[in-house]
Amino acid sequence: MKIVLSKKFQKRIKTYFEYCLENYGSTIVSKKRTMYEKILRRLTSFPESGLEPLLKEYPIQYRAVLFDKRFKIIYFVDNDTVMVENFWDTTRSPKTLKKDI
């Protein structure tokens with residue numbers, strides 16, 4: 001199973017790590033990057049876990065995995081590929097998050 005990261009996701013995760021570096025320092029960023037890498041590895045082994053209830057009416061079966069307590073990594077599975085689509089801040093309005101897909 002391979003993982004493909006969308007441009008939107010890459011931009012948002014980069015912004016997240018830059019924010020963490022500015023506000024919390026390199027030690028925290030290192031821990032968060034390790035957590036992020038573990039999640040991506042887990043997705044290659046168990047991609048079918050975690051349907052995202054906010055997106056159940058979409059034709060694509062979007063899935064989500066929680067990252068750092070308040071963020072979700074949104075993805076879907078296409079044959080042997082995990083397509084990582086978005087990085088959600090779950091403190092935002094559900095309507096806003098749905099529009100962002």
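Tutor: Lys-14 and Glu-18 both lie in helix 1, four residues apart, which is about one turn of the helix. Helices here are DSSP runs of H or I with at least four residues, strands are runs of E with at least two, and both are numbered from the N terminus. This is a predicted model, in which local features need pLDDT of at least 70 and side-chain atom pairs count only at pLDDT 80 or more, while totals for chains, interfaces and linings use all residues. Residues are numbered from 1 along each chain as its sequence is written, and side-chain values use heavy atoms, with hydrogens and water left out.

Student: What makes Lys-14 and Glu-18 a salt bridge?

Tutor: A salt bridge is a side-chain nitrogen of Lys or Arg within 4 Å of a carboxyl oxygen of Asp or Glu. The closest N and O atoms of Lys-14 and Glu-18 are 3.8 Å apart, so the pair meets that definition. Side chains of opposite charge can pair when their charged atoms come close.

Student: Why is Lys-14 called exposed, and what is Glu-18 called?

Tutor: Buried means under 20% relative accessible area, exposed over 50%, and partly exposed in between, with a 1.4 Å probe and protein chains only. Lys-14 has 53%, so Lys-14 is exposed. Glu-18 has 40% and is therefore partly exposed.

Student: How do you know that the length of helix 1 agrees with its number of residues?

Tutor: The expected span is 1.5 Å times one less than the number of residues. Helix 1 covers residues 7–24, which is 18 residues, and should span 26 Å. Its end C-alpha atoms are 25 Å apart, which agrees.

Student: Which residues of helix 1 are buried, and why are they said to line one face?

Tutor: The buried residues are Phe-9, Ile-13, Tyr-16, Phe-17 and Cys-20. Seen down the axis of helix 1, the buried residues fall within an arc of 90°, so they line one face of the helix. The arc is taken from the directions from the helix axis to the C-beta atoms. On the other side of helix 1, Lys-7, Lys-11, Lys-14 and Glu-22 are exposed.

Student: What do the buried residues of helix 1 pack against?

Tutor: They pack against strand 1 (2–5), helix 2, strand 2, strand 3 (71–78) and strand 4 (81–89). Contact means heavy atoms within 4.5 Å.

Student: Where is Ser-6, and why is Ser-6 called buried or exposed?

Tutor: Ser-6 is in the loop between strand 1 and helix 1. Its relative accessibility is 17%, so Ser-6 counts as buried. Leaving aside residues up to four places away in sequence, Ser-6 touches Val-84 and Glu-85.

Student: What makes phi of Asp-68 worth a remark?

Tutor: Phi of Asp-68 is near 55°, a positive value in a residue other than glycine. Most residues other than glycine have a negative phi. Asn-79 also has a phi near 55°, and lies in the loop between strand 3 and strand 4. At 70% relative accessibility, Asn-79 counts as exposed.

Student: How do you know that Asp-68 and Lys-32 form a salt bridge, and what does the pair tie together?

Tutor: Their closest N and O atoms are 2.6 Å apart, so the pair falls within the cut-off for a salt bridge. Asp-68 lies in the loop between strand 2 and strand 3 and Lys-32 in helix 2, so the pair ties together parts that are 36 residues apart in sequence. Lys-32 has a relative accessible area of 12% and is buried.

Student: What links Glu-57 and Lys-98?

Tutor: Glu-57 forms a salt bridge with Lys-98, with the closest N and O atoms 2.9 Å apart. Glu-57 is in the loop between helix 2 and strand 2 and Lys-98 is in helix 3 (residues 94–99), so the pair ties together parts 41 residues apart in sequence. Lys-98 is partly exposed, at 26%.

Student: How many salt bridges does a search of the whole structure find?

Tutor: The search finds eight salt bridges. Lys-8, Arg-12 and Asp-100 are linked in a network of salt bridges.
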